[in-house]
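Visitor: I am new to this structure. Please take me through one part of it closely.

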Amino acid sequence: ASTVMGFSNTHISGAGIGELGDVLIQPASGQPWSAATQDFAAPLDRASEQARPGYYAVRLPKIGVRVELTSTRTVAYHRYSFSKPGQAQALVDVQHVIRFLDGPRVVDADVRVDAKTGEISGRYRVRNWADRETAFVLKSDHQSASVTTLAAKPGEKAPRYLLNFNL
């Protein structure tokens, strides 16, 4: 079965290598993960996939989520529909990029979590196929009940967060 690590908003393909894959988000229904979780990947249901210009949708049955993605020229929209009422989680991985070189590629990051609004914003620099800087703001229509900063792996410069929601 095919698995998905999460969803990010930027990709390059056809240039000879993969690149970008910035700010990975992986949602889950319930609370299947903890700060000790190492693998957030989940199988996807290929039969449920819908893809057309400007829209993508898929079900992740193991973690109980239907994902829908769309965008404008400058903004990406994610909609997650959770199969289990009550609690939900989201991994927000600022360290993640699609890479063709070994090792962490983020060389500098400044990320803030606003506890009042639940907004995560920041910028980071990546050295990969091209050196680049990316800025982002993540907003949710539900305030997170808690945010856990996950432990960094050796060489990592950007954070990963586990957000818990009471829906």
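Which residues does Val 111 touch, not counting residues up to four places away in sequence?

Guide: A word first: this is a predicted model. Val 111 touches Val 94, Ile 120, Ser 121, Gly 122, Phe 136, Pro 159 and Tyr 161, leaving aside residues up to four places away in sequence.

Now place Val 111 in the chain. Val 111 sits in strand E11, which covers residues 106–113. Is Val 111 buried or exposed? Its relative accessible area is 17%. The cut-off for buried is under 20%, so Val 111 counts as buried.

Look next at Ala 158. Along the chain, Ala 158 and Val 111 are 47 residues apart. Their C-alpha atoms are separated by 7.7 Å.

Step back to the sheet. E11 belongs to an open sheet of 3 strands, in the order E11-E12-E13. The pairing is antiparallel. E11 and strand E13 (131–138) are the edge strands, and each pairs on one side only. From one strand to the next, the twist averages 5°. In general, strands of a sheet pair through backbone hydrogen bonds, either parallel or antiparallel.

Return to the contacts of Val 111. Ile 120, Ser 121 and Gly 122 are among them. Strand E12 spans residues 120–127. Phe 136 is also one of the residues that Val 111 touches, and strand E13 runs over 131–138.

Finally, follow E12 across to E13. These two strands pair in the antiparallel sense over 8 bridges. Take Arg 125 as one example: its bridge partner in E13 is Glu 133.

Note on methods: Residues are numbered from 1 along each chain as its sequence is written. This is a predicted model: local features need pLDDT of at least 70, side-chain atom pairs count only at pLDDT 80 or more; totals for chains, interfaces and linings use all residues. Side-chain values use heavy atoms; hydrogens and water are left out. Helices (H or I, at least four residues) and strands (E, at least two) are DSSP runs, numbered from the N terminus. Buried means under 20% relative accessible area, exposed over 50%, partly exposed in between (1.4 Å probe, protein chains only). Contact means heavy atoms within 4.5 Å. Two strands pair if DSSP finds at least two bridges between them. Axes are lines fitted to C-alpha atoms, for helices over the stretch in contact, and angles run from 0 to 180 degrees between N-to-C directions.
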